[in-house]
Amino acid sequence: MTGKKTTASSAGRTRKKAKVVLEDEEEAGLEDEEEATVTLSVEKDALECDICCLPFQSEAFMCKNGHSVCAKCCIRTNGKCWTCSERIGDIRCRPLEKLLAAATTSCMFKSNGCYDVISYLEKVTHEETCQRAPYKCPVHGCAYSGLRLGYHVAQDHGHDDDGLASVVFIYGKAVATVRKDEPFRVLLQRNTERVFLLLNGHDLLQGRSLSLLCLGPRFQDGVEVELKYKMEVSGGAPGALTLSASGTIPFARRLDGFQAKGFLFVPDAYWGSAGSISVTVRIYV
Ligand SMILES: [Zn+2]
Ligand SMILES: [Zn+2]
Ligand SMILES: [Zn+2]
Ligand SMILES: [Zn+2]
C-alpha cells in the first residue's frame, strides 16, 4: 500500500448517471463533460483488496459486517472473513463494484506521453501493453529507463571497454563475438529504437544457450511487427557441425524476468581455448 494520493475536481451533476474519474497526477483540470461526472480524490489503497493489496477487479465480496475482499481472496481464505471470521463470498459488494465499473483514470506513463483516459478496471492491462511504457537498460548498474533505449545504449555504452554495443546490424546481418562468461551481447539496428540482446544463458551443463530478445517497440505505425531471426555458430574444430537456430524474436521492456522459450545449445567444445565464439545473426521481417 503506497497511499499514493489521487486528486480531484468536480463538474456538474444534472444527469442520473454519474461517472467517476480518478486521476493519478496532481492536476485534474477536466472540462465539463456532457455526461455528469464527479472527480474524486481517493486514497489508492481504498480501491485495493485488504488481503492481497491488489486493485479490485470487477467483482468484490463482503461479509455481513461489510468487510470487503476480492474474488480471488474469497477462495484463498476458504470463504472466511479475514477481519471478523464471518462467512464471505456469498454477498457481492455492489456499491463498490458500481464505483469501480464507472471509474476512469490516467495511465501511469502519462509523464512519457500517454494521455489515454482508461477504465479503472483496465488500468493494469493497459499499462502492461502501453506504448509509452519505458524500456529498462539491460546494462548492469545502469539506471536508465525510457523510450529511447537504442539511442541511450549507442550513446552511453557504445564506447564501453567491453565493446558492449559495438555490433550493429548491416543489411540485417550482424557478426558478434560472444565471451563465454558474458550474459549477453547488445546488437543495434541503425535508425531504430530497437535494442537486440543476444542472450548467453549459463543454466545448462556442458554448454551455453543462445537466444535473441528485442527491447523495443512491438508496434510500428499501429501495426504489430513480427521479426524473425536466424543465428549460426561455426565449430572451432575442423569438421565440426555448424549450429543454427531460427524463430521469431520475442519483445520485452526489460531483461529481468525474461525467460527464453527456445534457444540454441552451444556445447563447451565450441567455445575454444579463448572462451569465445563468433555468432552470425540475421534478422528479417
Ligand atoms: Zn485480494
Ligand atoms: Zn468481516
Ligand atoms: Zn498508457
Ligand atoms: Zn544504460
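Of the contacts in the protein with a separation of 6 or more, 46% are accounted for by residues 24 or more positions apart. The model is a predicted one. The protein contains four helices and 21 strands, and 24% of its 285 residues count as buried.

- β11 and β21 run antiparallel and are joined by seven bridges; the bridge partner of alanine 174 in β21 is valine 281.
- β17 pairs with β21 in the antiparallel sense over six bridges, and six bridges also join β17 to the antiparallel strand β18 (residues 243-248).
- Tyrosine 229 has isoleucine 283 as its bridge partner in β21 and stands opposite glycine 247 in β18.

**Threonine 280**

- Threonine 280 is placed in strand β21.
- Leaving aside neighbours within four places in sequence, threonine 280 is in contact with Lys173, Val175, Met231 and Glu232.
- Threonine 280 and alanine 176 lie 6.4 Å apart in space, C-alpha to C-alpha, although 104 residues separate them in sequence.

**The nonpolar cores**

- The largest nonpolar core comprises 29 residues, and those with the most contacts inside it are Leu187, Val195, Leu197, Leu198, Val279 and Val281.
- At least two residues of this core are supplied by each of α4 (149-157), β11 (173-179), β12 (184-189), β13 (195-201), β14 (207-215), β17 (228-233), β20 (264-267) and β21 (276-284).
- β13 provides the largest share of this core, with five residues.
- Apart from this core lies another, of 17 residues, including Phe56, Cys63, Cys81 and Leu100.
- Leucine 197 is in contact with Pro138, Phe184, Val186, Leu213, Leu215 and Leu255, leaving aside its neighbours within four places in sequence.
- In soluble globular proteins, nonpolar side chains tend to be buried together.

**Helix α4**

- Which residues of α4 are buried? The buried residues of α4 are Leu149, Gly150, His152, Val153 and His157.
- Seen down the axis of α4, these buried residues fall within an arc of 165 degrees, so they line one face of the helix.
- The cover over the buried residues of α4 includes β8 (135-136), β9 (145-146), β12, β13 and β14.

**The three-stranded sheet**

- An open sheet of three strands has the order β4-β3-β5 and antiparallel pairing.
- β4 (68-70) and β5 (91-92) stand at the edges with a single partner strand each, so one side of each is left without a neighbour in the sheet.
- β3 (residues 60-62) pairs with β4 in the antiparallel sense over three bridges, and the bridge partner of phenylalanine 61 in β4 is valine 69.

Note on methods:
Residues numbered from 1 in each chain as written. Chains lettered and ligands numbered in written order. Predicted model: local features only at pLDDT ≥ 70, side-chain atom pairs only at ≥ 80, totals over all residues. Core = buried A, V, L, I, M, F, W, Y, C linked by C-beta atoms within 7 Å. Buried ≥ 20, exposed ≤ 12 C-beta atoms within 10 Å, placed from the backbone. Contact = placed C-beta atoms within 7 Å. Arc of directions from axis to C-beta. Pairing = 2+ DSSP bridges.
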